[in-house]
Every structure is written in structure tokens, then in C-alpha cells.
Amino acid sequence: MILEMEDFKNKNEMYAHLDSACAAVIDRRDDVISSLSNASSLIKKYLIHTNWVGFYLFRGEILTLGPFQGEPAVTSIKLGKGLCGMAAQEKKTVRVDDVAACDNYIACDASSASEIVIPLLKKDRVLGVLDIDSTMRSRFDKDDERGLEKIASSLVRLIYM
Ligand code: SME
């Protein structure tokens, strides 16, 4: 399997490949935790310079740590708190080029420099978020945002519908 960004013509091609890879390993009959574990593994492999890839899922009103790859992380996040809580509250992707300059940020891994959080939306309902950290500043651009929103919507379709 081709895993390095350099092996793809561009990010769009990489995200299309990642989308197919997720569809190939995720079986609708599998448990949600199993499926999201495999998804976090694949996303981490495809996205170079990432140090944390994982999911926070709503358990009641609290975003609760789900399957991830990376350092141990905060287990509970309230709506509106941190970048994860903000993405869930606004139902929109939050992309931060320099987390050190961000007020509403919950630090987990000191080596994280930039971050993107994508809400997992089932129609208008937020099931949780996909959170990705990078050790590089400004790691994520508009192409990543579009690509990851597509991945998030595919995951919701594959796992929750
Ligand atoms: N930085 C996140 C918290 C989760 S960790 O990055 C894994 C936030 O501000 O919500």
C-alpha cells in the first residue's frame, strides 16, 4: 500500500485513496469502537507529520475520548471547550495553524503545533469529532479540510447508518 504523501500526485488523490482504504477495512457489522480504531490507524498512516489522530464521541453531553493513535489525552471535553468542543458546538471544522497562539485550546501533547478538528455529523446531529494534531505549524490547509470532511462523512455513513 502506498502511504507517503510524496507518492500521490496531490492531496485530493491521497484523500480519495484514504477514503477507499477506510471503506475497505470498515465493515458495517463491526463494532463502532473497532471501526473507529481502524480509521484512526489509517488516517495516521496517510497523513504525514501527524502526532495524534483520534475521535471524541458524545456520551451524553460530554465529548469522551474514543479510539486514537498518539500520546494519552484528556478524556472529557465540554461543549464549547477547546478546539474539539468548539467544532462540536459550531458544527464546523476548526483549523488552527499555531495552537500556541490559540486561547481556547486544550493542550495534550506538548509537541503539537497545529490542529484540525472535524465534526462527525449525522444530518444535523453531532456524534463526535475527528481530531488531528501535527508537530508542524500550518500543517493543514483548505485541501486537508475538504478531504477530511469527506472522510468524516464517509465514516458516519459506513459506521452509523
Ligand atoms: N487540543 C484538543 C484536545 C484534544 S488533544 O489535542 C488530543 C482541544 O483543544 O480540544
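Biologist: What is the relative accessible area of Lys 91?
Modeller: Lys 91 comes out at 34%, so it counts as partly exposed. That class sits between buried (under 20% relative accessible area) and exposed (over 50%), using a 1.4 Å probe and protein chains only. This is a predicted model: local features need pLDDT of at least 70, side-chain atom pairs count only at pLDDT 80 or more, and totals for chains, interfaces and linings use all residues. Numbering starts from 1 along each chain as its sequence is written, and side-chain values use heavy atoms, without hydrogens or water.

Biologist: Where is Lys 91 found?
Modeller: Lys 91 is in the loop between α3 and β4 (94-96). Helices (H or I, at least four residues) and strands (E, at least two) are DSSP runs, numbered from the N terminus.

Biologist: What about phi of Lys 91?
Modeller: Near 55°. That is a positive value, and Lys 91 is not a glycine.

Biologist: OK, His 49. What is phi there?
Modeller: Phi of His 49 is near 60°, again positive in a residue other than glycine. His 49 lies in the loop between α2 (32-46) and β1. It counts as partly exposed because its relative accessibility is 45%.

Biologist: Switching to the ligand. Which residues are around it?
Modeller: Among them are Trp 52, Tyr 56, Ala 73, Leu 83, Cys 84, Tyr 105 and Cys 108. Around means a heavy atom within 4 Å.

Biologist: Which elements each supply at least two residues of that shell?
Modeller: β1 (50-59), α3 (82-90) and β6 (125-134). The largest share comes from α3, with three residues.

Biologist: And which backbone has a polar atom 2.7 Å from a ligand nitrogen?
Modeller: That of Ile 106. Polar contacts here are N or O pairs within 3.5 Å.

Biologist: Which side chains have polar atoms by the ligand?
Modeller: Glu 115 puts a polar side-chain atom 3.0 Å from a ligand nitrogen. For Asp 131, a polar side-chain atom is 3.3 Å from a ligand oxygen.

Biologist: How much of the ligand does the protein bury?
Modeller: 100% of the 310 Å² that the ligand exposes when taken alone. Areas are Shrake-Rupley with a 1.4 Å probe.

Biologist: Last one, Lys 142. Which helix?
Modeller: Lys 142 is in α4, residues 142-160. Its relative accessibility is 45%, so Lys 142 is partly exposed.

Biologist: How many residues separate Lys 142 and Arg 95 in sequence?
Modeller: They are 47 residues apart in sequence, and 9.1 Å apart in space, C-alpha to C-alpha.

Notes: Polar contact = N/O pair within 3.5 Å; in protein donor to acceptor, adjacent residues only side chain to side chain.
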